[in-house]
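Please examine the structure shown below, together with its sequence. The paragraphs that follow lead through it step by step.

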Amino acid sequence: MDFLRSLLLLPCLFIICKTANILYVVPFTSTSHYIMLRPIGLELAQRGHNVTVITAHKEKNPPKNYHEIMVDDKKIWDVIGGERPNVFTMASMSAEKFHDKILWNGGLAVTEMALNSTQVQQFLAIDQKFDLVICEQFFQEATYILAHKYKAPIALVTTFGNCMRHNIITRNPLQLATVIPEFLDLPDPTSFWGRLRNFYFTVYEFIWWKYWYLEKQELLVQKYVKNVAEPVPSLYEIQRQASLMLINSHFSFDTPAAYLPNIVEIGGIHLTKSEGELPQDLKTFLDQGKDGVVYINFGSNVRSSELPIDKKNAFLNVFRRINQTVLWKWEEDNLENKPPNLKTRKWMPQKEILAHPNVKVFISHGGLIGTQEAIFYGVPIIGIPIYADQFNNLLQVEEKGFGKILHYNDINEKILENVLFEILSNDTYKYKALEISKRFKDRPLTPLDTAIFWLEYIIRNNNSESIKNPAANLNWFAYLMIDVYTFIVFVFVTFIFLVIKIIRKLRSLLANERIVITEKKLK
Ligand SMILES: *[C@@H]1O[C@H](CO)[C@@H](O)[C@H](O)[C@H]1NC(C)=O
């Protein structure tokens with residue numbers, strides 16, 4: 001009997017041994033970030049890990065071993081202070097201004113709000129143990145201190161692709177000729193001016209971040225995170241020692257680049273498991289759109305209803321003239337002059353809509369999440385970039401041939417009609433979209449399995465020092481090979497110098513001889 005019981009217990013023991021206590025720190029309030037980050041926490045819990053998540057988004061039916069520490073849910077604009085700006089005004093902001101006004105300020109405000117939240121402070125006051133701390137990498141570096149507090153390895157995850165700052169710290173090759181910082185909009189990155197601007201901006205961003213921004217984040221650590229063991233490492237040092245960085249890109253769509261083994265592409269992770277369903281009214285609308293459906297949605301942060309009147313009318317007038325029906329995420333109850341073939345809704349189940357075969361084109365702001373969804377389901381894009389990485393995403397869309405960029409300032413009836421006609425009537429866009437969709441899914445493991453594999457790898461292999469870049473520990477001149485190059489130059493210069501010396505010597509010897517000979521002749 002005892003034997004039987006222990007046999008029955010064996011699988012449970014096995015699970016208990018393998019599972020870990022994981023702290024998942026994703027306090028940023030933005031919905032689009034959460035769409036991508038959500039599956040990681042839930043999947044870890046589903047695989048038996050004890051997951052504690054610091055989040056702004058409450059799950060409806062989380063697993064029992066998924067524990068939520070809620071941060072105060074405020075919108076980013078409320079936190080930065082002042083009115084929510086009309087996001088369309090950001091369409092002509094430089095990357096520098098976007099960092100100064102939005103990212104640095106917003107990052108500090110959001111981090112402070114998260115750390116100062118009641119539940120977070122209560123959580124920080126209890127004594128706990130974690131085997132792994134996972135933090136979102138998005139201007140909330142103060143949270144990295146939790147890895148030190150709990151003496152756990154740290155893994156980072158970003159909702160964007162390649163992170164130039166992380167590449168610099170961990171000494172991943174920068175590849176500035178082809179790889180650009182995530183929020184720099186560059187129409188022609190590989191041209192001379194493109195590369196020059198890329199170089200300048202990379203240095204600009206890094207210096208501000210390291211010497212100004214991180215200092216402010218350190219102050220937040222001192223203010224809100226108590227009971228950390230001395231000596232306290234700098235946030236810079238913690239990030240440098242990060243075991244893993246999961247990035248939201250995939251080379252089928254994003255620029256192929258060289259990454260260290262602990263920088264792992266998991267682009268499209270939120271599409272691995274699709275559980276949603278279309279509501280009946282939308283399903284009927286899409287099913288009936290036999291001539292095709294135009295789907296228009298500017299994402300969770302950009303509101304279509306804030307479009308200026310002339311641009312709004314341009315859309316409506318063009319939509320009125322086409323044979324297709326139109327589905328538009330419109331955030332207000334009313335839309336004046338609404339054509340009969342147009343249906344609005346304040347919120348759209350986007351994945352499910354894009355999955356519908358009748359959707360012929362996605363008019364979008366080019367946010368990464370939505371772009372990946374269009375890629376996944378093979379839908380051509382007309383992209384109107386507003387800020388952050390949107391322009392870069394859409395540049396890839398255009399280069400890969402499954403869509404077109406429409407500049408916000410250019411929007412008028414004629415241009416809109418032309419680009420819409422082009423995408424709807426030319427099959428190449430759809431063909432290219434299906435092609436990239438196939439390549440985007442063609443991987444050895446799904447992005448979710450990839451992410452979980454590497455996170456568990458860190459737990460299994462005790463922080464996996466072995467996959468970190470040894471170059472990170474070299475001093476800068478050794479890393480840049482300055483000593484070696486200096487030595488080679490020195491040897492070369494010495495050699496040339498000696499050769500010249502010898503030639504001179506020989507020449508003067510010969511000259512002397514000649515003088516002696518002529519003198520002899522003269523005598
Ligand atoms: C799981 O996490 C919760 C919340 O952080 C914690 O209270 C609990 O003790 C943990 N369980 C185990 C078995 O460590």
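A salt bridge is a side-chain nitrogen of Lys or Arg within 4 Å of a carboxyl oxygen of Asp or Glu. With this rule in mind, one may turn to the model, which is predicted. Across the interface of domain 1 and domain 3, the rule finds zero salt bridges.

To place that interface, consider how the chain is divided. Domain 1 comprises residues 16-272 + 446-473, domain 2 comprises 280-441, and domain 3 comprises 474-513. The C-alpha centres of domain 1 and domain 3 lie 49 Å apart. Their contact takes five residues from domain 1 and four residues from domain 3.

How is such an interface described? The size of an interface is often given as the accessible area lost when the parts come together. Between domain 1 and domain 3, the buried area is about 380 Å², and carbon and sulfur atoms give 48% of this area. On the side of domain 1, the residues that lose the most area to domain 3 are R171, A471 and N473. Together, these three account for 90% of what that side buries.

Where domain 1 touches domain 3, its residues divide into three nonpolar, one polar and one charged. Although the count of salt bridges between these domains is zero, two residue pairs are in polar contact, both at pLDDT 80 or more.

The ligand is the next subject. Which residues surround the ligand? They are N21, N50, T52, H67 and Q128. By class, this shell has five polar residues, with no nonpolar and no charged residues.

For three of these residues, a distance to the ligand can be stated. A polar side-chain atom of N50 lies 2.4 Å from an oxygen atom of the ligand. For N21, the distance from a polar side-chain atom to a ligand oxygen atom is 2.8 Å, and for T52 the corresponding distance is 2.8 Å. On its own, the ligand has 360 Å² of accessible area, and the protein covers 49% of it.

Notes. Residues numbered from 1 in each chain as written. Predicted model: local features only at pLDDT ≥ 70, side-chain atom pairs only at ≥ 80, totals over all residues. Heavy atoms only, no water. Near = heavy atom within 4 Å. Polar contact = N/O pair within 3.5 Å; in protein donor to acceptor, adjacent residues only side chain to side chain. Areas by Shrake-Rupley, 256 points an atom, 1.4 Å probe, with all protein chains shown as cover. Nonpolar A, V, L, I, M, F, W, Y, C, P; charged D, E, K, R; others polar. Domains from an automatic or database assignment. Contact = heavy atoms within 4.5 Å. Buried area = accessible area lost by both parts, 1.4 Å probe.
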